[in-house]
Amino acid sequence: MIIVSACLTGKNCKYNGGNNDCPPVKAYLEGQSWYCVCPETAGGLPAPRPPCEYQGDRVIDREGTDRTEAFEAGARKSLEAVLREAKARGEEITLAILKARSPSCGCGQIYDGTFTGTLTEGDGCFTALLKEQGIPVLTEEDIINQKEKDQ
Ligand code: SF4
C-alpha cells in the first residue's frame, strides 16, 4: 500500500482551503493500492488555516500561535490510521508520496520558520514518523522528475 498526502490527490485540505492536485502522482497511483491522509486535518486544524512553519522544534503559525500539539497529534493519528488500513488490507506499506516542504509532509527540506519562502534541511513531523517505521518517503517532485527522465 502506498501512502499519499491527501492534497496531492485533489482534496481541499491545504492551508489556504485549496489543494495541490498532482496529475503525475495520480497517474503513478493508477492500478495500485493506495491510501491518502492529511495529518493537519487529522490534528483538528481547519481548512483554511494560517500557514505554519517549524521554528526550532516548535510549529508556529504566521499569526504567532504555537500549533505544535495539533501537528504532533495529527502526525500520530495519521500514522495509526495508515498502519490500521494496511493491516486491514493485509498489505505492507511500501512507499509514501508526500507534499514537498510542508511542516507535516515535507521530506528533506522544509521552510525555515521565517515565512519568507526560505528552505532548511528537515522533515515534516508525519514524514519523520514514517521514516522511523522504515517506510521510504518520496515527494511529488521525485515522481515528476522520474517521469521526465523516463520520457
Ligand atoms: Fe497536504 Fe500534508 Fe498539508 Fe495535509 S498536511 S494539506 S496532506 S501537505
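Visitor: Which residues are closest to the ligand, and how many surround it?
Guide: The model is a predicted one. In it, 14 residues surround the ligand, and Cys-7, Cys-13, Cys-38, Glu-40 and Cys-105 are the closest.

Visitor: Where does the ligand sit?
Guide: The ligand sits in the largest pocket. The term requires that more than half of the molecule's atoms lie within 2 Å of the pocket's grid points, and the ligand is assigned to the pocket on that criterion.

Visitor: What makes up the lining of the largest pocket?
Guide: The lining consists of 28 residues, and those nearest the centre of the pocket are Lys-14, Tyr-15, Ser-102, Pro-103 and Tyr-111. Two elements, α2 (39-42) and β3 (52-55), each give two or more residues to this lining. Its classes are 16 nonpolar, five polar and seven charged residues. The volume of the pocket is about 530 Å³.

Visitor: Why are β1 and β2 called paired strands?
Guide: Pairing requires at least two bridges between the strands. Strand β1 (residues 2-5) and strand β2 (residues 34-37) are joined by four bridges, so they are paired, and they run parallel. One of the bridges links Val-4 to Cys-36 in β2.

Visitor: What is the handedness of the crossover from β1 to β2?
Guide: The chain passes from β1 through helix α1 (residues 23-29) to β2, and this β-α-β crossover is right-handed. With the strands pointing away from the viewer, that term describes a clockwise path from the first strand over the helix to the second.

Visitor: How do you know that β3 and β4 pair, and what lies between them?
Guide: Four bridges join β3 to strand β4 (residues 58-61), and the two run antiparallel. As the criterion is at least two bridges, the strands therefore count as paired. Gln-55 has Arg-58 as its bridge partner in β4. The two strands form a hairpin with two residues between them, and Gly-56 in the turn has a positive phi of about 65°.

Visitor: Which residues other than glycine have a positive phi?
Guide: Among them is Arg-101, with phi near 75°, placed in the loop between β5 (95-98) and β6 (109-111). Phe-115 has a phi near 55° and lies in the loop between β6 and β7 (119-121).

Visitor: What kind of peptide bond joins Ala-47 and Pro-48?
Guide: The bond is cis, with omega about 5°. Pro-48 is located in the loop between α2 and β3.

Technical notes. Residues are numbered from 1 along each chain as its sequence is written. This is a predicted model: local features need pLDDT of at least 70, side-chain atom pairs count only at pLDDT 80 or more; totals for chains, interfaces and linings use all residues. Side-chain values use heavy atoms; hydrogens and water are left out. On a 1 Å grid over the protein atoms alone, a cavity is a set of points where a 1.4 Å probe fits but cannot get out, and a pocket is an open set with protein on both sides within 12 Å along at least five of seven lines; lining residues have an atom within 4 Å of a point. Grid points are joined across faces, edges and corners, and a volume is the space filled by probe spheres set on the points. Ala, Val, Leu, Ile, Met, Phe, Trp, Tyr, Cys and Pro count as nonpolar, Asp, Glu, Lys and Arg as charged, and the others, Gly among them, as polar. A residue is near a molecule or strand if one of its heavy atoms lies within 4 Å of it.
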